[in-house]
Amino acid sequence: MRKLASIQRVWKTEAIEGADRIELAYVLGWKCVVNKGQFKPMDLAVYFEIDSFLPIRPEFEFMRASSYRKTDLMGEGFRLRTMKFRGQISQGLLLPVRDFPEIPADAELGADVTELLQVRKWEIEEKATTGGTVIGTLPIDVPHTDETRVQAEPDLIGDFAGLEYYISTKMDGSSHSISLDEDGFHVTGHNYEYRDDGKSAFYELVKRDGIEDKVRRFYESEGFKVLTIQGELCAPGIQQNRLKLTRPEWYVFTIRVDGNRVGLKRMQEICKTLELEMVPVEEVGTDLPAKYPTVEALLERADGNYPNGGKKEGIVIRPTEPIYCERISTDLSMKVVSNKYLLKNEG
């Protein structure tokens, strides 16, 4: 699970030119705008990541004018997003540990306090155009598709040392998956499985392209127990359609066979067999830390536009062959979301 709120150390503070009341504080690979003098280097603090949805409580009331949200799905709270103050990007919220008496005095560096502080991940209702009638949560063989941001775990860069890696384009849409197992064929969004009742745009795409029949034939010929294919649904009406598409398209980014992620070459082979489009592969190389040694270098690499001109969301980086990473307790992978995209598109 993603640490939306955790105990972290402020490793540097820095003045903001022309600002009397605020300054920058550096934590992990992030920069946060904080009150001047609120922290000094090596202080422990509670760091709340962007995309967090904070509960209603006095400690967060100062954000009401800028961040209060109320939706049927999430209820009331405060949504953290990328902000800009005096020309400086602020990504997340940093507050003193003492502001939260429920945090144990002996809480260690890195401690996850997400549940303790009732912090949730901000979710937007899956629109009728992409979702459909919910029949349950995700099947066990369809994992959530959230990637770890490099700013949250900067040391992930070093974990790529000596490995062949590939960089793919992060397509800007809605995560949708299909899966075939002994219980049948499943169609899911980011959080739920959907019924085939004519109300799901993704189900209609699956039918349009004959995907279920192709997957069933391939599944039976290969003798798999479970085949899961995950991708990004991009279409008019989804995320402002920054790819400028005229009809829904699905871009595969992960394939799992019997519970294990396959490598890049195998994924390309399966997509070719099933006539599925993959996310674009921008670069294949070796020893990522030598080429992109810092978070800042990767953020620069993530900038760009989609072919039709929309601002690119960012990139995803993985080894060409999956390798388990203890740091994130799953296969090594990370995303780099463009700051230019965030500033332009976060609502």
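1. Some ground rules: residues are numbered from 1 along each chain as its sequence is written, and side-chain values use heavy atoms, with hydrogens and water left out. As the model is predicted, local features need pLDDT of at least 70 and side-chain atom pairs pLDDT 80 or more, while totals for chains, interfaces and linings use all residues.

2. Start with helix 5, residues 264-274 (helices are DSSP runs of H or I, at least four residues, and strands of E, at least two, numbered from the N terminus). Its buried residues are Leu264, Met267, Ile270, Cys271 and Leu274 (buried means under 20% relative accessible area, exposed over 50%, with a 1.4 Å probe and protein chains only). They sit on the same side of helix 5 because they cover an arc of only 125° around the axis, taken from the directions from the helix axis to the C-beta atoms. Lys265, Lys272 and Thr273 are exposed on the other side.

3. What follows helix 5? Glu275 does, with a positive phi near 60°.

4. Now look at the largest nonpolar core, which has 31 residues (a set of buried Ala, Val, Leu, Ile, Met, Phe, Trp, Tyr and Cys residues joined through side-chain atoms within 4.5 Å). Met267 and Trp250 are among those with the most contacts inside it. Helix 5 gives the most to this core, with five residues.
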